[in-house]
Amino acid sequence: MTADMIVRVQEVWRQFGRHEALRGLNLAVPAGGAYALIGANGAGKSTTIKVVMNLIAPSRGTATVMGVDTRELPPEVLAQIGYVAESQVMPGRLRVGEYIDYLRPFYPSWDRELEASIRSRMQLPADRRIAQLSHGMRLSLGLTCALPYRPKLLVLDEPFSGLDPLVREELMEGLLPLLGDLTLFIASQELAEIESIATHVGFMHAGRMLLEEPLEHLSERLREVRVTLEERAAVPARIPREWLQPRAFGNVLTFVDTNFSEENLAERLRLLLGPVRQIDTETLSLTEVFKTLARSARDGGAP
Amino acid sequence: MAWHIFRKDWRLMWPLAVGTAVLQAWILILTTHSTPLPLPEATSMFASIVTLVLAIAMTLLIVLSIQQESIPSISQDWLTRPVERGDLLLGKLLTIALLIHGPIFAVNILQGLMEGFSLGPVLLAALHSNFEIALCYSLPVMVIAATTRGVVEAIVFGLIVLVITLCAGVARPTASGTGLVWIWRSFAHAELLLLTIVALGWQYLKRSRDGTRQAQSLFLVGVLLSAWTPLLPWGPAFAIQRGLAATPGASRPIAIAVERGNAEPARWILGDATQVPPNKGFERVIVPLRFSGVPGDVIVHVDRAKIRLVSGDGTLLFSGQVPTFDLTAHGARTVQQAFDLSSAFYAQHRGQSLRLELNYFGSLMRGKTVPTPVPLNDVLRVPEFGWCATRGDTTVELSCRQIGALPFCISLAVGQMPEKFVCELNYEPVPLRFSVDPIDHVKATLPRPGAGDTGVTIRVYEPVDYFSRQVAIADFRLQDWAIPAGSGKP
């Protein structure tokens, strides 16, 4: 990735006691894109986001946001970043309206009209104390407090858990487009929600980045291939490294090709599997990509 | 933005802040004296309990307000907001100044005025009191709160600080019990203040997330240094004290020599020490001394006496401190300087020709009688001494309350009875005498007055000059100066 990177993480290690949450992580979020950081639970996604937001310091390595070392993020840079996380703690005794009023003066670019629009969509009770909000409402408040200043970078860490479908839709289809020139950096398990907007995908496993590329490339590269053979199918003893999750049923052999190419496909399959009656290929959804990569990583395969 | 942050803290903390202010008002009502005499014991005890509750509430208020924006947190929302750290620090200082010190200051002023003191000294005493509270309480609690993530963590760190303070205090090599102790205390306060400010600055102004341990370490070093204060040896401290003498040169004629005749046993007028027989396994040596050139109207107080025993070839065999003493005004100018040596040391060197060096560091204390005696069973405003009252028939109980600091050493006498000294030696210049309590007080019980006695005479003793002298005896043989066991006489 050589484009202008708004977030860059280089060789970052982070230890918690003996546990290494991040192990030489590299990551680059291009400006203007929507980067989906995916991975199984415990892969290190939230730790990565906390390092990017200077909530925790890396044990080794460097991370930069807008070219500034995250360890020294000044208010001028923070004023251009929106951050919403499941674990975010807001002052519980303040009321919703009081907290928004408190935050407003810190942002020179705060847009009160946009704030009003977001508040009407989120329908948050202004007089209720934050501690009395439900989990979903707290996330809605987090979003309400992260968007009105039109951040250049919006960092979301599991923002959808607890949000009702209407708010999710409002966010993804209604609010984000309002923000204009925005880079989205999102870690979420709700892949169906982010698939429509993600332009880049980073797949983490055990503190490392196993795969990072534009979603478009990934969709072209990863295909589910379904081969119907003339005879009864069996998984060959030696299969190409690019094939993941091969399985045979009747005359059909199915696998995910991680380096798919249509060039000489039938010939290559015939040489490996014998006479082929039919070949079907299908692009994978982000959820399927995640499942494939996660299984492969768990089983020690390379994506 | 500091004010904006304070206003947010006020919205969050006002119930606790109002609660602490109410407790302070309650203590004010309980403890404000209609007379300078001590409060009834039950009232005093109840006020102590309320004060303890207040201290806990104030500590909680500081910790909670600081931890509204917890710096070591990894999940608080404010950490990702464009909050200038300098503004945050100022905002928190404002919160502590207005919610903690504001009510204390107001209560101090009210109490001073209600007890009949004038506004100027009351304001000054309130400022002194708040400075002392900020230095020894608010700022350290602020550092503890700023370097921890929650109340429980703050309590644990606070206990660690307390244990370190106590342990270091036990090993304190300073001059406790002497009037010079304020010099070490001032250094300790300066060290604590400096490192508290550095720790706070480090924690608040450094944006990096890995500074908390360093800030805690800096603060602990400050606590350790302030509890131990090993930085200044006695000599330079005494030189500082001499530089502050009220009448420099008053002690110049004083000389100390070995007395060839009998000398008076050592006495302690300003302190409460008594001479005890040597412990088992020790031998007592006594050197009679004569002081000359001492002005007639002063008490000579020896703050510290050091001994060195040197062999003929210049080897230092023994050094240490020896018991101090006082010489009364107009009294005898001789004294028995006693010191104890281990029996083994004594046996080894008893007949050896040694050189004895005795180094004395002392103060001249001049007394000044307060012109008007305090009438028996009455109250009197004594100029520059505050309100004084006496009560009792069989014994006389005297109590005085003064805004700011009272003289540290006074004597009280009823009629022709001997003076009773009430001294807590402290040569600290008055402007530096900070105390948590803006009203100083002294109380004493005196013997039954005679039939014609009408009042208690107060004398104030202040140091006028300081001196150091050396007495050296060549060819000093321990056996010639030691007292036979059990005889009490050389």
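**How many helices and strands does chain A have?** Chain A has ten helices and 14 strands; both are DSSP runs numbered from the N terminus, with helices (H or I) of at least four residues and strands (E) of at least two. This is a predicted model, in which local features need pLDDT of at least 70 and side-chain atom pairs count only at pLDDT 80 or more, while totals for chains, interfaces and linings use all residues. Residues are numbered from 1 along each chain as its sequence is written, and chains are lettered from A and ligands numbered from 1 in the order in which they are written.

**View 1. Chain A as a whole.** Along the principal axes, the C-alpha atoms of chain A fill a box of roughly 70 × 40 × 35 Å. Of the 303 residues in chain A, 39% are buried, a label for residues with 20 or more other C-beta atoms within 10 Å of their own, the C-beta atoms being placed from the backbone.

**View 2. Where chain B touches chain A.** Here 19 residues of chain B are in contact with 27 residues of chain A; contact asks for C-beta atoms, placed from the backbone, within 7 Å.

**View 3. Helices α6 and α7 of chain B.** Take a look at α6 (residues 181–205) and α7 (residues 212–228) of chain B, which pack at an angle of about 175 degrees with their axes 8 Å apart. The axes are lines fitted to C-alpha atoms over the stretch in contact, and angles run from 0 to 180 degrees between N-to-C directions. That angle makes α6(B) roughly antiparallel to α7(B), a term for angles over 145 degrees. The residues of this contact divide into twelve nonpolar, seven polar and one charged. Among them are B:Leu192, B:Leu195 and B:Trp202 in α6(B), and B:Leu218, B:Phe219 and B:Leu225 in α7(B).

**View 4. The nonpolar cores.** A nonpolar core is a set of buried Ala, Val, Leu, Ile, Met, Phe, Trp, Tyr and Cys residues joined through C-beta atoms within 7 Å. The largest has 100 residues, and B:Ile62, B:Met142 and B:Ala145 have the most contacts inside it. Helix α6(B) gives the most to this core, with eleven residues. Apart from it lies another core, of 83 residues, including A:Val9, A:Ile38, A:Ala187 and A:Phe255.

Note on methods
Contact = placed C-beta atoms within 7 Å. Parallel < 35°, antiparallel > 145°, perpendicular 65-115°, else oblique. Nonpolar A, V, L, I, M, F, W, Y, C, P; charged D, E, K, R; others polar. Buried ≥ 20, exposed ≤ 12 C-beta atoms within 10 Å, placed from the backbone.
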